[in-house]
Each structure stands twice: as C-alpha cells, then as structure tokens.
Amino acid sequence: MGSACKVHGWVERMRVDLVIIGGGPAGLAAAIAAREAGIENLVILERDARLGGILNQCIHNGFGLHTFKEELTGPEYAGRYIEKVREMKIPYRLDTIVIDLGETQEDCADHGEEAGRVNGESGGRRSAAEGVREQSRGGRARKLVTAMSRKDGLYTIEAEAVILAMGCRERPRGALNIPGYRPAGIYSAGTAQRYVNMEGRMPGREVVILGSGDIGLIMARRMTLEGAKVKLVAELMPYSGGLKRNIVQCLDDYGIPLRLRTTVVNIKGKERVEAVVVAKVDENSRPIPGTEEEIPCDTLLLSCGLIPENELSGKLGLAMNPATNGPLVNESLETGVPGVFACGNVLHVHDLVDYVSEEAAQAGRKAASYLQGNLPKPQEEIPVRVGKGVRYTVPGAVDVRRMGETQLIRFRVDNVYRDKNLEVCLNGKPVSSRRKRMLAPGEMEQVVLRKADLEGVLDLREISLQIVD
C-alpha cells in the first residue's frame with residue numbers, strides 16, 4: 001500500500017493517493033467508486049473489527065430497495081459491498097483509530113529535522129485557510145492522516161485526498177439532562193441493538209423508550225419480538241423523528257403507544273432502574289406540573305438523535321453547518337479544504353442507507369477527478385439558502401461550472417407540513433413549485449436542479465428552497 005519511510009525511527013509514514021476514513025456503507029461505496037474511476041493506490045481505515053459499520057447490527061429488512069431493487073437486511077446489504085471491495089482488492093485496515101488529520105507540504109524524501117514536527121509542532125502543519133491559499137498558488141497540500149492500531153502501532157499516511165466517512169454516534173444521557181441516579185438498565189437504543197442482535201443478550205424485560213428516532217422505533221419491535229414488554233415510546237417533539245413506515249410497522253402493528261410532547265423527568269432506582277416518571281411538556285419543551293406519571297420498568301432506552309462524528313473535521317479546521325453538525329460542502333461534496341470530501345452520516349444524518357451509498361459513490365468519483373486533475377478549482381460558488389420551513393440543505397453551495405447536467409439537493413424541513421408547496425427560487429424568484437401532501441423532519445427530501453436553468457439566470461447570486469401555502 002503505497003511507499004513507506006520512517007520518521008525518527010518510530011512513526012511509519014506511507015504514501016497513498018486516497019485515504020477513506022470509515023469502513024461503513026459510506027466508506028465502502030466511496031472506495032469502490034474511486035477504484036472504478038481509476039484510483040489504484042487507496043486504503044480504507046476502519047476502527048471496528050470488521051467492515052460494514054452499523055449495518056452489521058441492523059438485522060431487520062428494508063435495506064437496498066433503491067440500490068439493488070430488492071429487500072435486504074443490514075448485514076446482507078453491507079456484505080454485497082464488502083464482497084466487491086475484496087474482489088477489487090481494495091486494501092483496508094481494521095481495528096484502526098485515526099487520531100489526527102492535518103496538511104503538510106513536506107516531501108517524504110526530504111524529512112531531515114522538519115520531519116519530527118509533522119505530528120506535534122506547527123511548522124509541518126497547514127490550517128484549512130492556509131491549505132486553500134496553497135491551492136491558489138498552484139501547490140497542492142498533501143493530507144497527513146495519523147492512525148494507530150494494536151497490530152501496526154502509531155503511523156502516518158500521506159495522501160493527496162481524503163474522504164471523510166466516519167458516520168455518527170448516538171446522543172448520550174449526559175446530553176439530555178435527565179435527573180435521577182445512574183442505575184443499571186439505561187442504554188442508548190443502538191447499544192441495546194448490538195447486545196440483542198450481535199451478542200445475544202437481553203437488556204431488560206419491561207422497557208420504556210425515550211425518543212422516536214428510527215433506531216428507537218426498530219428496537220421497540222425487536223424487544224417485543226424477543227419477549228420484552230415495551231410500555232411506552234415517549235417523544236419530546238410534537239412529531240416523531242422516525243420514518244412513517246417505522247411508526248406503522250414497529251409501533252402500530254404491535255400496539256405500542258407513542259406519546260408526543262412527553263419526556264422523562266425522573267429515573268427511580270439506585271442499583272437497577274425500577275421506574276421512570278414521564279410528563280407532558282409545553283411549547284417550550286418544559287414539563288407541565290401535574291402531568292407526571294410513574295411507569296414501572298427495568299430498562300430505559302434512549303433514542304434522542306444522532307450526532308455526526310466530526311472530531312477529525314474539527315482538527316482540520318473545516319467550516320461546519322450548525323444545523324447538521326457536519327462539514328459544509330459544495331456540489332462535489334468537497335469541504336473548504338481542497339481534496340477533502342465528506343459523505344454519509346458524517347455529513348448529515350440519513351434515513352435510508354441507499355442514499356448514503358449514492359452520496360458516497362459521488363464523493364468517490366469526485367475525489368478521483370480531483371486526483372486526476374479533472375476537477376476544476378471552485379471559482380464562483382453560489383450559496384444554497386434555506387427559506388421558510390427548510391432546516392438545512394446539502395450541498396450548501398453550487399459552482400455551476402463544476403456541476404453535472406443535474407444537481408441533487410437533499411434537505412429536511414423543520415416541522416410537519418401538510419398540503420404545502422415546495423418552491424425553488426433563484427435570486428429570490430420562484431422558478432419551480434411542487435405540491436407535497438406531507439413533509440416531516442424525519443423524512444429526507446430532495447430536489448433536482450438543472451444546469452441549463454442555472455446558466456440561464458443572469459447574475460445568479462443565490463439558490464433557495466422554501467415551503468409555502
């Protein structure tokens with residue numbers, strides 16, 4: 001895998017064209033697309049003991065309807081990509097943690113005394129802004145990925161391009177400010193899913209679930225099928241955070257109640273959860289006195305949102321979108337640092353893995369174009385603004401010159417809307433409108449922009465999406 005050399009005799013440094021951080025569905029699809037586009041010297045870094053990411057514990061069906069035109073379980077979906085990665089002999093390293101991500105202009109053949117600074121002192125590093133300036137002067141800052149594993153120890157990989165595909169994590173109890181003791185029996189929904197589906201362990205027998213995200217809904221059904229009694233799914237918001245199909249198939253079909261505008265205000269029990277106290281909340285999400293209800297249970301599952309894993313993005317100084325907690329990207333899924341691309345749940349949380357694979361394949365192709373010198377430098381990026389009712393868009397900017405004949409814009413709304421129009425505006429003027437029966441925050445939406453339409457607008461300054469009557 002690339003060439004290698006030693007820095008001061010203890011940190012191995014290798015050179016590759018492309019590093020993909022993450023071996024889940026996004027990383028796998030990106031690697032395959034990059035190899036198909038002609039990139040031979042690449043590597044996938046994965047922190048788990050196997051490829052596939054979160055799909056390995058998602059044994060329910062419903063995956064692959066868009067990608068493979070058939071219904072698969074999570075491991076089956078991941079297995080098809082893993083098999084292709086192995087067939088294409090794409091190298092990957094498992095049990096590998098990436099601990100740092102930066103930029104350097106040094107050449108490995110001329111380390112000298114400068115080489116010792118690449119992982120500590122500022123002399124061998126470049127900030128995001130400095131990296132952009134290097135691009136403008138004609139240089140191309142190489143990316144420095146610092147990783148470690150039990151097998152290989154600490155080492156660095158010098159790459160021309162990087163694809164961020166680290167996925168996301170669950171919001172923990174500490175971020176929810178739930179009062180009470182810290183007894184056994186409190187799990188995130190994803191942790192419970194891993195225990196049940198991969199380790200064959202039951203977290204409990206009488207369950208309350210806080211949050212109606214897709215994982216929480218799926219675990220309500222899974223726990224029921226394993227013999228547990230799911231007494232309640234409580235949701236702080238006035239709408240569910242999951243897909244409509246999951247509400248029907250996981251709650252309604254099993255008679256599990258969903259209470260909106262309800263939260264957990266206390267946890268009882270010291271050694272083990274004995275009961276939780278739930279209460280209604282007002283418009284400001286504050287508990288309403290007098291609405292408290294104690295529900296005996298031995299397990300509380302938390303499904304209160306997902307957070308993109310962007311600690312590495314922060315180390316590189318990427319501009320972040322506060323609405324998604326992911327990097328800001330343009331039409332090529334390229335971040336503010338040239339040669340660094342992002343895709344999948346590290347960019348924004350998806351509801352369908354098929355969309356993750358589609359997006360990641362685009363990132364892989366664009367990274368290949370960048371490495372082959374076929375991706376022009378951004379010159380005039382048109383911002384994609386969020387109008388009334390729209391929470392965020394991906395991408396956040398479009399360079400019309402670099403886009404294809406069409407450009408997909410994915411977005412989520414900020415509330416539940418019924419029988420509304422989705423408008424696309426150019427310079428504030430509506431150019432298209434589509435009637436939507438239902439729009440909900442749990443369902444990702446998308447629109448397609450045509451390059452010909454954008455090129456036909458004189459002095460195009462902004463693109464915006466809005467929900468109107």
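In this talk, Ala, Val, Leu, Ile, Met, Phe, Trp, Tyr, Cys and Pro count as nonpolar, Asp, Glu, Lys and Arg as charged, and the others, Gly among them, as polar. By that scheme, the lining of the largest cavity divides into 6 nonpolar, 4 polar and no charged residues.

Colleagues, the model before you is predicted, so local features need pLDDT of at least 70 and side-chain atom pairs count only at pLDDT 80 or more, while totals for chains, interfaces and linings use all residues. Residues are numbered from 1 along each chain as its sequence is written, and side-chain values use heavy atoms, with hydrogens and water left out.

I begin with the cavity. On a 1 Å grid over the protein atoms alone, a cavity is a set of points where a 1.4 Å probe fits but cannot get out; a pocket is an open set with protein on both sides within 12 Å along at least five of seven lines; and lining residues have an atom within 4 Å of a point. Grid points are joined across faces, edges and corners, and a volume is the space filled by probe spheres set on the points. The structure holds 1 cavity of 30 Å³ or more, and the largest cavity has about 40 Å³ of space. Its lining includes N321, T324, L347, V394 and P395.

Two of those residues deserve a second look. The peptide bond from V394 to P395 is cis, with omega near 5°. P395 lies in the loop between β22 (390-394) and β23 (397-399); here helices (H or I, at least four residues) and strands (E, at least two) are DSSP runs, numbered from the N terminus.

Next, the second largest pocket. It has about 330 Å³ of space and 17 lining residues, with K244, I247, V416, M438 and A440 nearest its centre. The elements that give two or more residues to this lining are α6 (244-251), β12 (258-260) and β26 (429-439). By class, the lining has 10 nonpolar, 3 polar and 4 charged residues.

Helix α6 also packs against helix α5 (residues 214-225), at an angle of about 20° and with the axes 8 Å apart. Axes are lines fitted to C-alpha atoms, for helices over the stretch in contact, and angles run from 0 to 180 degrees between N-to-C directions. Angles under 35 degrees count as roughly parallel, over 145 as roughly antiparallel, 65 to 115 as roughly perpendicular and the rest as oblique. Helices α5 and α6 are therefore roughly parallel to each other. In contact, meaning heavy atoms within 4.5 Å, I247 is among the α6 residues that meet α5.

How do α1 and α8 cross? The axes of helix α1 (residues 25-36) and helix α8 (residues 353-371) come within 7 Å and cross at roughly 40°, which makes α1 oblique to α8. Residues of α1 in this contact include A26, A29 and A33, and those of α8 include V356, A360 and G364. The classes are 11 nonpolar, 2 polar and 1 charged.

Helix α1 has a further partner in helix α2 (residues 74-87), where the axes come within 10 Å and cross at roughly 35°. A29 takes part here too, along with L28, I32 and E36, meeting A78, Y81, I82, K84 and V85 in α2. This contact has 7 nonpolar, no polar and 2 charged residues.

Finally, D95 is found in the loop between β4 (92-93) and β5 (97-104). Its phi is near 50°, a positive value in a residue other than glycine.
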